[in-house]
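Some labels used for a protein structure rest on cut-offs that a new reader may wish to see spelled out. The questions below ask how such labels are reached.

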Amino acid sequence: MLCADEKSQIQALDRTQPGLPLKKGRCGTMTHDYKRNGTATLFAAMSTLDGTVISMCDDRHRHQEWLKFLRAIDDLTPPDKELHLIADNYATHKHPQVRKWLGRRPRFHMYFTPTRSSWLNMVERFFRDLTEQRLRRGIFRDVEELIMAIGDYIDKHNESPKPFVWTAKASDILEKVRRARAALDNR
């Protein structure tokens, strides 16, 4: 079982001036202005069993790139295994060419999370960690440097992967869903 999605528009940002270093009584600083050096899209599929991540970076996130990523998953996983992929309802994931490709590969089974329920897809949690631990305060002079940093982070993650474990009780989650649905129905 793989949780799959893309993190699009990851910006390669470079600060216009170096920040001031940490010292007693002052935290490190960064300038508020920056230079944009392009963007990249990260496609990732995270195993719910062991937490390993299969990934690919590209410059766009259309159905063509999604198909390219699905082919990579197909190549990188044992051919005798059934593949159950959880993804969101993004139109790219349901494009007619994607459906046609999946139809010719019976080992692939797609499941789509409900609209506004990205938190159900555990790869989103991985994206959050990547952003917090590597991208947020990073300085990238070009897209290639950004992609290398993402790749290094994923390689390090895969050296000792851990699956994400739900800490909330199912009853609490279901109650929250019930309240949200009631609020939507009362619009």
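What follows is a short exchange about one residue and then about the protein around that residue.

This is a predicted model, in which local features need pLDDT of at least 70 and side-chain atom pairs count only at pLDDT 80 or more, while totals for chains, interfaces and linings use all residues. Residues are numbered from 1 along each chain as its sequence is written, and side-chain values use heavy atoms, with hydrogens and water left out.

Q: Why is H157 called buried?
A: Buried means under 20% relative accessible area, exposed over 50% and partly exposed in between, with a 1.4 Å probe and protein chains only; H157 has a relative accessibility of 16%, and therefore counts as buried.

Q: Which residues does H157 touch, beyond those up to four places away in sequence?
A: Contact means heavy atoms within 4.5 Å, and the residues that H157 touches in this way are G51, V53 and F126.

Q: How far from a polar atom of the H157 side chain does the backbone oxygen of G51 lie?
A: The distance between the two is 2.7 Å.

Q: What share of the protein counts as buried?
A: Among the 187 residues of the protein, 34% count as buried.

Q: What part of the contacts in the protein with a separation of 6 or more comes from residues 24 or more positions apart?
A: Such residues account for 69% of those contacts.

Q: What are the dimensions of the box that the C-alpha atoms of the protein fill?
A: Taken along the principal axes, the box is roughly 55 × 40 × 35 Å.

Notes. A polar contact is a pair of N or O atoms within 3.5 Å; within protein, one must be able to donate a hydrogen and the other to accept it, and residues adjacent in sequence count only if both atoms are side-chain atoms.
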